[in-house]
Amino acid sequence: MRKALLAGAVFAVCPLAAHAQAETYKVDPVHSFPNFTVDHFGVSSIYGRFDKMSGSFSIDRAAKKGSVELTIETASVTTGDNDKGSRPRSRDEHLRQADFFNVAEFPRMSYKSTNVKFSGDNPSEVEGQLTLLGVTKPVNIKIDRWVCREHPMSKRAMCGGNASGSFKRSDFGMKYGVPNLGDEIRLMINFEGYKE
Amino acid sequence: MQELLTNPVIQSSAAPFLVGLVVACILFPIRLAGLAAGAGFLAAVWMIGAFGLAPLTATRKLVVLAAAAPLLGVLADLAFKPTRVTAPVLGVLFGAGAIWVFWSVLSQKPAAEGALLGAGIAALVLWTVAFTVSLQDRAVRAGAAGLFLGLGTGAGAVLGASALLGQYGLALGAACGAFLLLAMILGKRVVAGATFTLTAAVAATLIAAGALVLAKLPWISLAALALVPLAVRLPLPEKLPAWIQAIVASLYALVPAAGACALAWQSSRTA
């Protein structure tokens, strides 16, 4: 009888223990930005970023599993040229129109992981699906830096780092200006999240 | 050669003009020279690389509806012998189609704003289609209207910050220009029909509406463009050769088209 009770207790506690190991972090919007760079006429690289990103990521170190879900407001794109001056439109304005991000029709793009690879205890690569302009395609993101610690002031548990990846914008139907304006988009994401 | 085909100027002017001219020359004996507008426009879409149905975005729906216009136009010309009612009926049909084209954008706006925008676009399409299709028996006037609906829309879209829609509009203008050239040379032997007028009106208004909804072309520019099919109704020197009539009709059409561009330019300076 005592053995049965013990076994029952073990079975009851085990799922809770496993559940406790999966930690979820909410993306900190003021310290998390998807940055990108694209070739300009084969001369230089233009850098830009999206100012508004939200979402969460989770990690289960014991099971070496994780997940990521991000939503990016496409209208928040900026490349540092937001003042049109004497021109009809600034570059950032043009980026928001139908030739590029088409924000009126597609106000958001999203990324959802399908698998997270680990190197030791830390996540090293995220395999996932990027949805941009209504097209969903696989895009993998390499995690170049991953740190978890206590916030020095608020004492809240936080994780974050830097990640990078690339994709061809024409795969998502954004063909304007290719090849003069580069087709390959290199992503550099800095992210931080607080444990929920 | 590849460099030539990817050149935006070739894509939106020389290529659609040549395609339109060839199609008009081949088909005018069977009263289908009007297919020049659709053929030139679709050739440009193909060269720009924007053919495709997935995902069915507003811009792609625009091309689908613009491609349906010449087919319906041929049907109207050959099978039904257009009557007075044809123009407004086609206007209502394509006005409803315009709602479908921009539904993905309209449905994301607050209900009142979306409804107002949708009703405005449908009314613009109805108006332009009705007044342009009723020019079906007057090839020179119809050609001039198509030329400047296309050019005005294209230039306006560029100023409204959409190069793609700008290219579409300019390509339509070039293709309509090819039809007008043939009408200038051959006069009344060239028939516009619903094939030409419906294509020119539907494609131009959808491109203009696209530049309004997806870019920043102001409403007032669209209103000015809607005057193009009215302007070409002004008196022409009917006894003079067709090429002189074409020039006069083009000058009439140029005024509202240029006005639409000027308003788009002014809006871009102040917005």
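Reader: Which residue stands opposite Lys117(A) in strand 8 of chain A?

Author: Glu125(A) stands opposite Lys117(A) there. Before we go on, this is a predicted model: local features need pLDDT of at least 70, side-chain atom pairs count only at pLDDT 80 or more, and totals for chains, interfaces and linings use all residues. Residues are numbered from 1 along each chain as its sequence is written, chains are lettered from A and ligands numbered from 1 in the order in which they are written, and side-chain values use heavy atoms, with hydrogens and water left out.

Reader: Thanks! How many bridges join strand 7 to strand 8 of chain A?

Author: Nine bridges join strand 7 of chain A to strand 8 (residues 122-132) of chain A, and the two run antiparallel. Strands here are DSSP runs of E with at least two residues, helices are runs of H or I with at least four residues, and both are numbered from the N terminus. Two strands pair if DSSP finds at least two bridges between them.

Reader: And what sits in the hairpin of those two strands?

Author: There are two residues between the strands, and Gly120(A) in this hairpin takes a positive phi near 70°. Strand 7 (residues 108-119) also joins strand 5 (residues 65-73) of chain A in the antiparallel sense, over five bridges. Thr71(A) stands opposite Ser110(A) in that pairing.

Reader: Which strands does strand 1 pair with?

Author: Strand 4 (residues 53-60) of chain A joins strand 1 by five bridges, antiparallel. Strand 11 (residues 184-195) of chain A is also antiparallel to strand 1, with three bridges. Ala22(A) has Asp60(A) as its bridge partner in strand 4, and Tyr25(A) has Lys195(A) in strand 11.

Reader: Switching topic: which residues have the most contacts inside the largest nonpolar core?

Author: Those are Phe102(B), Ile121(B), Tyr168(B) and Leu206(B), in a core of 82 residues. Helix 9 (residues 193-213) of chain B gives the most to this core, with 14 residues. A second, separate core has 40 residues, including Val27(A) and Phe172(A). A nonpolar core is a set of buried Ala, Val, Leu, Ile, Met, Phe, Trp, Tyr and Cys residues joined through side-chain atoms within 4.5 Å.

Reader: What is Phe102(B) in contact with, neighbours in sequence aside?

Author: Leaving out residues within four places in sequence, its contacts include Ala58(B), Ile121(B), Leu206(B) and Val213(B). Contact means heavy atoms within 4.5 Å.

Reader: How much area do the two chains bury between them?

Author: Chain A and chain B bury about 1800 Å², 49% of it on carbon and sulfur atoms. Buried area is the accessible area (1.4 Å probe) that two parts lose on being put together, summed over both. Arg89(A), Gln97(A) and Glu105(A) supply 34% of the area that chain A buries against chain B, more than any other three residues.

Reader: Which residues form the salt bridge there?

Author: Lys216(B) forms a salt bridge with Glu93(A), and their closest N and O atoms are 2.8 Å apart. The count between chain A and chain B is one salt bridge, that is, a side-chain nitrogen of Lys or Arg within 4 Å of a carboxyl oxygen of Asp or Glu.

Reader: Is Ala163(B) buried or exposed?

Author: Ala163(B) counts as buried because its relative accessibility is 17%. Ala163(B) is in helix 8 (residues 163-186) of chain B and touches His94(A), Asp99(A) and Tyr176(A), not counting residues up to four places away in sequence.

Reader: Last one, about the backbone: which peptide bond is cis, with omega near 5°?

Author: That is the bond from Val178(A) to Pro179(A). Pro179(A) lies in the loop between strand 10 (157-168) and strand 11 of chain A. Most residues other than glycine have a negative phi, and most peptide bonds are trans. Phe41(A) has a positive phi of about 55° although it is not a glycine.

Note on methods: Buried < 20%, exposed > 50% of the residue type's maximum accessible area, 1.4 Å probe, protein only.
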